[in-house]
Amino acid sequence: MIILKKIFLFLKRESKLFYSNIVDLFSNILFFFLSVFVFIFALGADEQLLKSIGVGIIWSLLLLSSTLSLRKFYEDDFKNGVLMIIHMGGMSYELIVILKIFSHFLFVQIPFLVSLPIVGIFFNLPINEVYNLVLTFFIGSLILSCLISISASMNLLNKTNFSIGSIIVLLFSIPLIIFSVGINSADIHFNSLINLLIGIALIFLGIAPWSSAACIRLALKNK
Amino acid sequence: MLLINNLSFFRNDIKIFENLNLSLANNQIIQIKGTNGSGKTTFLEVLLNILEPKSGEIFWKGKNIKKNIFDFYNQTTFIMDQNTSTRKLTVLDNINFWRGLSSSKLSNDEVFILLKTLKIEKYYDTKVMYLSSGETKKLELLRLILEQKKLWILDEPYNHLDDVSIEILNQTFIDHINNNGMIIFVSHFNPTISNLEILDFN
């Protein structure tokens, strides 16, 4: 019972932090929309061309936009010692990581999910492709949150090299993008590709808490 | 009762401290002193199981803390030299978070009286980022009372404090040790507390 109260408390704090940092989220979404517009203007007004490459472009830009908020994932709580205080309050680092991933999914990825149908209109995507895009992003954003958590915890002590975190996320999201974009051109294999995506998400949900917690412990030791 | 037995710690094969023995019973307060870099903060981190000692054991109530780490944490308040308050949240949000985390039974009125004693009651709805460093430190020290734990471990608690606040902190320490509490703190300051024991790291 007590641990449930503490989990609720943690999520309440995350939601308050989210509201105080809401400008960050808006600027990330603005970055996403503007980069979509840049692509559209660069490619010209060829409807067929936009339709055929739309999903691929949207996915690549989603990846790039979600790596923008990467450094903030643990940094503030790590620097001022809140992670340690929460741990001393009776939560293991693994549980903290799971809750962080969940709140990142809820407060950062869901707004992106909502904006996807709007972006679909700009690329003149057929409605079934928009459905597929939303479905694959729903599963894919979980994978992305896990990857961002791993990458952010690995870079807690890294003060100089800002791009290495994004490199890790982009490298490991290659399978995600292959299966997510491939789902539109493979009508017969729809179910198997969705199962593959869910499989990848489950693997990362299994790996991310342990590896991130190990990285956080290591970072606390070498602070 | 806290018992430290033959504790040694090496960082990159450089000796920080070796064969340290210490026991801390109820109603006891120990100040750790030493020059800069003598390993005072490192000792606290080893004590709290953040760093791994090279040899030696730490016992809390007769049990090795490694096996019962959450039992130990459950009765410990650790005040670090940095401020653990979240800068983007209000003072009251921070207090409520700490209270929930330690399942504190302090009521809102009692918290308000505490804030009034420390003269930060007018900031209760202000974000911590707008407070001065002394006020932030006072807010941090409020955790000692909020969490209602038995063992207090503090790293440089006297930094940034004015004379009145130092007096309040000393009185808080005396009240806590008279109330069967235990305190270990690291400081260069010489506070006026009777039965203060000093452990020199030089």
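Helix H3 (residues 47-66) of chain A packs against H7(A) at an angle of about 25 degrees, and their axes lie 11 Å apart. The model is predicted: local features need pLDDT of at least 70, side-chain atom pairs count only at pLDDT 80 or more, and totals for chains, interfaces and linings use all residues. Residues are numbered from 1 along each chain as its sequence is written, while chains are lettered from A and ligands numbered from 1 in the order in which they are written.

- Helices (H or I, at least four residues) are DSSP runs, numbered from the N terminus.
- Axes are lines fitted to C-alpha atoms, for helices over the stretch in contact, and angles run from 0 to 180 degrees between N-to-C directions.
- H3(A) and H7(A) are therefore roughly parallel to each other, a label for angles under 35 degrees.
- On the H3(A) side, Val55(A), Ile58(A), Leu62(A) and Ser66(A) meet Glu129(A), Leu133(A), Phe137(A), Leu144(A) and Ile148(A) of H7(A).

**Nonpolar cores**

- A nonpolar core is a set of buried Ala, Val, Leu, Ile, Met, Phe, Trp, Tyr and Cys residues joined through C-beta atoms within 7 Å.
- A residue is buried if 20 or more other C-beta atoms lie within 10 Å of its own, exposed if 12 or fewer, and partly exposed in between; C-beta atoms are placed from the backbone.
- The largest nonpolar core holds 80 residues, and Ile143(A), Cys146(A) and Ile183(B) have the most contacts inside it.
- Helix H7 (residues 127-154) of chain A gives this core its largest share, nine residues.
- Another core, of 11 residues, lies apart from it and includes Val36(A), Leu62(A), Val119(A) and Leu125(A).
- Leaving aside neighbours within four places in sequence, Ile143(A) is in contact (C-beta atoms within 7 Å) with Leu176(A), Ile200(A), Ala201(A) and Phe204(A).

**Positive phi in chain B**

- Ser103(B), a residue other than glycine, has a positive phi near 50 degrees.
- Ser103(B) sits in the loop between helix H3 (91-101) and helix H4 (108-117) of chain B, and is partly exposed because 14 other C-beta atoms lie within 10 Å.
- Lys119(B), also not glycine, has a positive phi near 60 degrees.
- The loop between H4 and helix H5 (133-147) of chain B contains Lys119(B), which counts as partly exposed with 14 C-beta neighbours inside 10 Å.

**Confidence**

- Chain B has a mean pLDDT (the predictor's confidence in each residue, from 0 to 100) of 90, and 100% of its residues reach 70 or more.
- The model scores ipTM 0.91 and pTM 0.92.

Note on methods: Helix = DSSP H or I, 4+ residues; strand = E, 2+ residues; numbered from the N terminus. Contact = placed C-beta atoms within 7 Å. Parallel < 35°, antiparallel > 145°, perpendicular 65-115°, else oblique.
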